[in-house]
Amino acid sequence: MTLTNSDFKIDVTSEIGTLRSLLIHSPDSGLGKVVPSKAQDWLFEDIIHLDTVRRNEYDYYVKLLLYFLDPDKIKGKLQQIDDESTRRSFFKPDNAGFHSSDKVIEIQTLLADILQQPDIRKKLVASVCAVESCNYRLQQQLTDTDPVELAKIFISGSLTTEEMIFAPIPNLIFSRDLGIAVNNHMLLNKPAKKARFRETLLMRYIFFNHPLFEAYRDNILEIPETAQHFLRPGEDAEGRTTLEGGDVMMVSPDHLVIGCSERTSVSGANEAIRLLFEHDVVKKVTIVKIPNKRDYMHIDTVFTQVKRDTWVLLRSLAKAEAPIEEREPISWFADKKQKERAEIVQFEKDEKPRLFGCIEDLLADISENDLKSGVKTKFIYSGNNTFPFDAREQWTDSCNLLALKEGVVVGYDRNDKTVEAFKEGGFNVIRVAELLQKFENNELDPQSLTDTLILMPSAELSRARGGFHCMSMPVFRDNILNLD
């Protein structure tokens with residue numbers, strides 16, 4: 001049965017407005033088939049234990065999202081959902097006991113829905129088989145496969161538990177990278193790595209063919225390649241047009257921030273700006289160019305927003321350099337090319353570009369001028385700005401937090417020093433299992449929760465190098481500027 005919601009909206013005007021609906025993908029069997037020899041090709045730092053990452057980590061994320069976004073699906077049912085006899089049916093999109101929320105939306109469900117249409121199924125099978133170099137008989141077999149099973153195959157890469165026919169797409173759990181809601185438009189992205197090509201294809205078909213998005217078809221923006229891109233010499237990726245959602249932040253109704261990083265090229269940012277200005281989607285776009293390093297990957301590994309006046313960030317990359325007179329003599333002779341610093345340029349249509357000296361200056365400007373915070377901007381630093389914990393915890397996504405509402409954010413439990421910094425900043429800190437039980441017992445209410453860091457178990461998830469900001473594609477948030 002195709003997922004429908006007559007009240008469905010695409011409307012995201014900030015990073016912190018109360019979250020109303022989002023797209024996610026729970027870890028599938030393909031993630032459990034990543035092998036060491038291909039882990040880095042498939043963009044994983046390590047191999048992950050599938051059952052642990054599901055039961056002990058990601059399932060908590062789904063339950064938390066449902067309590068905040070769709071409580072009727074879970075309230076009063078927690079004990080039943082967690083019962084071993086159900087074999088996690090509540091979390092399995094192909095199972096009759098699946099939650100089927102139209103607010104916490106599972107991508108696999110949307111894919112199965114569109115595959116029910118024979119013409120779409122035939123086209124998408126042909127497209128996937130072309131990308132994956134499948135033979136003709138396999139293409140015919142897939143075309144005749146049940147839509148629910150076919151969706152699983154497309155995502156996991158496996159015909160059966162043992163038989164893999166193409167690579168898995170384990171990065172689909174990082175749904176944000178594939179599309180970003182910008183006001184009432186969807187910007188479909190262009191991932192940098194070949195390992196994510198199939199994900200991009202599947203999402204394109206979902207957005208253009210699922211009835212949930214029908215009213216927004218004209219608002220779907222696709223980033224094109226540059227003219228004559230096929231004339232580039234050789235196979236080098238240099239100069240390619242790439243853009244991933246971890247490098248895109250909708251920080252206020254008129255303002256989008258785009259990072260240029262290991263995964264997003266200047267060409268990709270340029271094409272996005274051209275599209276957004278051409279369609280009058282936003283009034284200004286700020287480019288934040290960070291060092292092209294695996295350590296950072298996307299700008300949301302360096303900073304995310306917590307409240308209107310509060311951000312969490314890696315201080316070593318976000319702060320302006322000290323004035324020359326304060327440096328030691330050796331600094332005069334340092335190789336300037338090796339310095340890790342951000343370059344920031346803000347563009348407005350038909351206006352002269354504006355430069356910012358550092359990330360902190362930009363974030364303060366967003367809080368104080370775009371969002372009218374009315375107070376001095378506060379920063380919470382990765383690792384409490386203490387070496388070596390700042391770098392260690394940034395690596396395990398201390399700066400990659402998802403705001404469920406203003407001041408209520410979700411992060412990993414392993415980043416101890418960053419947790420200390422949140423406590424010093426006046427935030428409550430609670431582990432997700434305890435919080436869910438308090439919701440179930442009516443001791444706490446998601447709607448009344450304020451200034452809270454929710455800690456999620458993360459021993460396995462953190463190996464994949466992505467936090468909960470990465471594992472979410474928000475499509476509807478309340479506009480915080482309309483709540484004053």
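Predicted model: local features only at pLDDT ≥ 70, side-chain atom pairs only at ≥ 80, totals over all residues.
**Entry 1: α4 against α5**

I looked up how helix α4 (residues 118–132) packs on helix α5 (residues 136–143). The angle is about 145°, and the axes lie 9 Å apart. I noted the crossing of α4 and α5 as right-handed. Next I listed the residues that make the contact. α4 brings Arg121, Lys122, Val125, Ala126 and Cys129. α5 brings Gln139, Leu142 and Thr143. By class, I get 4 nonpolar, 2 polar and 2 charged residues in the contact of α4 with α5.

**Entry 2: helix α8**

I checked the length of helix α8 (residues 266–278). It has 13 residues, so at 1.5 Å a residue it should span 18 Å. The end C-alpha atoms are 18 Å apart, which agrees.

Then I asked which residues of α8 are buried. I found Ser267, Gly268, Ala269, Glu271, Ala272, Ile273, Leu275, Leu276 and Phe277. What covers these buried residues of α8? The cover includes strands β3 (179–182), β4 (185–188), β5 (220–222), β7 (255–260), β8 (284–289) and β11 (343–348). After α8 comes Asp280, and I read a positive phi there, near 55°.

**Entry 3: Glu360**

I found Glu360 in helix α10 (residues 359–370). Is Glu360 buried or exposed? Its relative accessibility is 6%, and the cut-off for buried is under 20%. Glu360 therefore counts as buried. I then left aside neighbours within four places in sequence and looked for contacts of Glu360. They are Leu313, Arg315, Ala318, Lys319, Phe379 and Tyr381.

Technical notes: Residues numbered from 1 in each chain as written. Heavy atoms only, no water. Axes fitted to C-alpha atoms, helices over the stretch in contact; angles between N-to-C directions. Helix = DSSP H or I, 4+ residues; strand = E, 2+ residues; numbered from the N terminus. Left-handed = near helix turned anticlockwise from the far one by under 90°. Contact = heavy atoms within 4.5 Å. Nonpolar A, V, L, I, M, F, W, Y, C, P; charged D, E, K, R; others polar. Buried < 20%, exposed > 50% of the residue type's maximum accessible area, 1.4 Å probe, protein only. Expected span 1.5 Å × (residues − 1).
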